[in-house]
Amino acid sequence: MSVHKAISEHVNKQNQKINRFLLLDQQREHFIEEALLLCKQGKEFTTDKINEMTNQINTLAKQGIIPFRKLVTKEMVKEYALRS
C-alpha cells in the first residue's frame, strides 16, 4: 500500500468520526433543549435520550480525536432551567 493511500484512508476515517460526532452532538443538544423546555413548563422529562447520545459520543471518543461529553442528570437540567 502506498503512503499516499494509507494517509488518505486515515484521513477519511478521521473525517467519518468527526462527522458522526457532529451528528450525535447535534442530536444530544436537541434532546437537552427538549428536556429544558419540558422542565421549564413543569412537565415530566427524562435524560435517557441525552445520555444515549452521550454514551455513543463517549464510545467514539475512546478512539481518539473526539471530545468526551458528561452524562446529564435531571438535577443538572433543573439547575440550568432555573438559571436561564
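Tutor: Let us begin with a term: a residue is called buried when its relative accessible area is under 20%, exposed when it is over 50%, and partly exposed in between, using a 1.4 Å probe and protein chains only. This is a predicted model, in which local features need pLDDT of at least 70 and side-chain atom pairs count only at pLDDT 80 or more, whereas totals for chains, interfaces and linings use all residues. Residues are numbered from 1 along each chain as its sequence is written, and side-chain values use heavy atoms, with hydrogens and water left out.

Student: What percentage of the residues of the protein count as buried?

Tutor: By that cut-off, 30% of the 84 residues are buried; in α1 they include Phe21, Leu24, Phe31, Ile32 and Leu36.

Student: What do the buried residues of α1 pack against?

Tutor: They pack against α2 (48–61) and α3 (74–83), where a contact means heavy atoms within 4.5 Å.

Student: How do you know how many helices and strands the protein has?

Tutor: Helices are DSSP runs of H or I with at least four residues, and strands are runs of E with at least two, numbered from the N terminus; the protein has three helices and zero strands.

Student: Why is the protein called more spread out than a compact globule?

Tutor: The globule rule is 2.2 Å times the number of residues to the power 0.38, and the radius of gyration is taken over C-alpha atoms. For 84 residues the rule gives 12 Å, whereas the radius of gyration is 17 Å, well over that value, so the protein is more spread out than a compact globule. The C-alpha atoms fill a box of roughly 60 × 20 × 15 Å along the principal axes.
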